[in-house]
Amino acid sequence: SLVKRRADYSPCAAASAGAHRTDAGIPGATALDARVPAEMAGLRLDQAAARLFPAYSRSRLQDWIKQQLATVDGRPARARDPVWEGECIRIVALAG
């Protein structure tokens, strides 16, 4: 089964899916937080991020991921890494 069950389904850092926060710790940056829904389980990180954050192109999201500005459950992640239901994706979106 592609669905990896997790015990914790609480919102990411007190944010709901697709939330934007301005406290990313980098001047001018925005933290994008989202929890992976069941229908996206098994997708690549960049594919899931493109669906969760439609305001940004997949190419731009991939650039931020390559710059190591993305984490999954607090761990560094690569664009090709699969994501699973309940995991928390955070991408620091740089201005510009």
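Does Ile65 count as buried or exposed, and at what relative accessibility? Ile65 counts as buried because its relative accessibility is 4%; buried means under 20% relative accessible area, exposed over 50% and partly exposed in between, with a 1.4 Å probe and protein chains only.

1. Basis. This is a predicted model, in which local features need pLDDT of at least 70 and side-chain atom pairs count only at pLDDT 80 or more, while totals for chains, interfaces and linings use all residues. Residues are numbered from 1 along each chain as its sequence is written, and side-chain values use heavy atoms, leaving out hydrogens and water.

2. Overall layout. The protein has two helices and five strands, in the order β-β-α-α-β-β-β along the sequence. Helices (H or I, at least four residues) and strands (E, at least two) are DSSP runs numbered from the N terminus. Of the 96 residues, 42% count as buried. Among contacts (heavy atoms within 4.5 Å) between residues at least 6 apart in sequence, 61% join residues at least 24 apart.

3. Helix H1. Buried residues in H1 (residues 45-52) are Leu45, Asp46, Ala48, Ala49 and Leu52. Seen down the axis of H1, these residues fall within an arc of 160°, so they line one face of the helix; the arc is that of the directions from the helix axis to the C-beta atoms. The elements covering them include helix H2 (58-66) and strands S2 (30-35), S3 (70-72) and S5 (88-93).

4. H1 against H2. The two axes come within 9 Å and cross at roughly 125°. Axes are lines fitted to C-alpha atoms, for helices over the stretch in contact, and angles run from 0 to 180 degrees between N-to-C directions. H1 and H2 are therefore oblique to each other: angles under 35 degrees count as roughly parallel, over 145 as roughly antiparallel, 65 to 115 as roughly perpendicular and the rest as oblique. H1 contributes Leu45, Asp46, Gln47, Ala49 and Ala50 to the contact, and H2 contributes Arg58, Leu61, Gln62 and Ile65.

5. Ile65. This residue is found in helix H2. Leaving aside residues up to four places away in sequence, Ile65 touches Leu45, Asp46, Ala70, Ala77, Arg78, Ala79 and Ile91. Ile65 and Leu45 are 20 residues apart along the chain, with their C-alpha atoms separated by 8.8 Å.

6. Gln67. The loop between H2 and S3 holds Gln67, which is partly exposed, with a relative accessible area of 44%. From Gln67 to Val92 is 25 residues in sequence and 9.8 Å in space, C-alpha to C-alpha.
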